[in-house]
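Hello,

Here is the structure for your files. Please open it first; my notes on what turned up follow below.

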Amino acid sequence: MRRTLVRLISVAVAVVAAAAPAQGAPTEVHVGARVGYVMGRGWTLGPELGSES
Amino acid sequence: MDAGARARFGELIVTGHPFGQRQTSFVLGLTVAGDLSFGDNGQVAFRAHVGPELAAYHACPVLVVPVGGGLSLSFERGYAASVGGYVGLAALFAPLHPAPTYSDPAPAPTFLAGAATRAAFFPASFTQNELALAARLVYLPGSHGGLGYCGGD
């Protein structure tokens, strides 16, 4: 579980890092936790990363 | 288990005072987001969301409300890719956004806190439909083109 979480965070960081430099440094950066409900899976929980420029 | 990431590329489109004397700015941008979810059986699903977002920045107190929607794609091994749509809404709050001054050219950054929600619908695949709620902490540096300064100066 812990390795999976680290892997997921790494993927999220990579996605944001790849997207952000397109317009220079991001103006805003956010972190968070998300809880979701997918009809076929049930509840999900995990981290969230993002940037706004 | 679930993980998500998003990025928005926006431009300031208008700044005015529609809600009293305090400045409100509107930023229109394109949002790209993705999330992975792992089922109990080890099956991995990936959803991608692309669409426009309009964000209102009001100060002060700082209230940021982004509203967006667009196209969603869902991929899962063993299933055909599903195409759908999403709507998203967030509300973020901070009491102050201090301005840089001569004596304090680098004031403390502003941290916004709030919640965001996104609903994704896939008409052809009911089991992919998702409702997500996120708690967000946003780092806002000392200078922000779309947000008026207030407090601390």
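Of the 153 residues in chain B, 48% are buried. This is a predicted model, so treat every value here as computed from it. Chain B exposes about 7,400 Å². Carbon and sulfur atoms supply 67% of that area.

The fold of chain B is quick to describe. It has 7 strands and 0 helices. From the N terminus on, the order is β-β-β-β-β-β-β. Along the principal axes, its C-alpha atoms fill a box of roughly 60 × 30 × 20 Å. Take the contacts in chain B with a separation of 6 or more: 54% of them join residues 24 or more positions apart.

Charges next. Chain B carries 7 positive and 9 negative charges. Their mean positions are 3 Å apart.

Now the aromatic rings. A pair of rings is described by the distance of the centres and the angle of the planes. Over all chains, the count comes to 3 aromatic pairs. Two of them are set out here, both in chain B.

Why is the pair of B:Phe46 and B:Phe75 stacked? The ring centres are 6.3 Å apart and the planes stand at 20°. The cut-off for stacking is under 30 degrees, so the pair qualifies. B:Phe46 sits in strand E3 (residues 44–58) of chain B, and B:Phe75 sits in strand E4 (residues 62–76) of chain B. The pair therefore ties together parts that are 29 residues apart in sequence. B:Phe46 has 33% relative accessibility and counts as partly exposed. B:Phe75 has 39% and is also partly exposed.

The other pair is B:Phe111 with B:Tyr139. Its centre-to-centre distance is 5.7 Å, with 55° between the planes. That makes the pair tilted. Strand E6 (residues 110–121) of chain B holds B:Phe111, and strand E7 (residues 130–140) of chain B holds B:Tyr139, so this pair ties together parts that are 28 residues apart in sequence. For B:Phe111, the relative accessible area is 47%, which is partly exposed. B:Tyr139 is partly exposed as well, at 35%.

On to chain A, with one residue to look at. Is A:Glu52 buried or exposed? At 4% relative accessibility, A:Glu52 counts as buried, because the cut-off is under 20%. A:Glu52 lies in strand E2 (residues 42–52) of chain A. A:Thr27 is 25 residues away along the chain, yet the two C-alpha atoms are separated by 5.8 Å.

Last, confidence. The model scores ipTM 0.72 and pTM 0.79. Chain B averages a pLDDT of 85, and 95% of its residues score at least 70. Within chain B, strand E5 (residues 82–94) is highest at a mean of 95. Strand E1 (residues 2–16) of chain B is lowest at 86.

Chain A averages a pLDDT of 72. There, 51% of the residues score at least 70. Among the elements of chain A, strand E1 (residues 28–38) has the highest mean pLDDT, at 89. Helix H1 (residues 2–19) of chain A has the lowest, at 59. Where pLDDT is low, the predicted coordinates should not be read in detail.

Best wishes

Terms used:
Residues are numbered from 1 along each chain as its sequence is written. Chains are lettered from A and ligands numbered from 1 in the order in which they are written. This is a predicted model: local features need pLDDT of at least 70, side-chain atom pairs count only at pLDDT 80 or more; totals for chains, interfaces and linings use all residues. Side-chain values use heavy atoms; hydrogens and water are left out. Helices (H or I, at least four residues) and strands (E, at least two) are DSSP runs, numbered from the N terminus. Buried means under 20% relative accessible area, exposed over 50%, partly exposed in between (1.4 Å probe, protein chains only). Contact means heavy atoms within 4.5 Å. Accessible areas come from the Shrake-Rupley method with a 1.4 Å probe; for residues, only the protein chains shown count as cover. Lys and Arg count as positive and Asp and Glu as negative; His and the chain ends are not counted. The place of a charge is taken as NZ of Lys, CZ of Arg, CG of Asp or CD of Glu. Rings of Phe, Tyr and Trp (its six-membered ring) pair if their centres lie within 6.5 Å; planes under 30 degrees apart count as stacked, over 60 as edge-to-face and the rest as tilted. pLDDT is the predictor's confidence in each residue, from 0 to 100.
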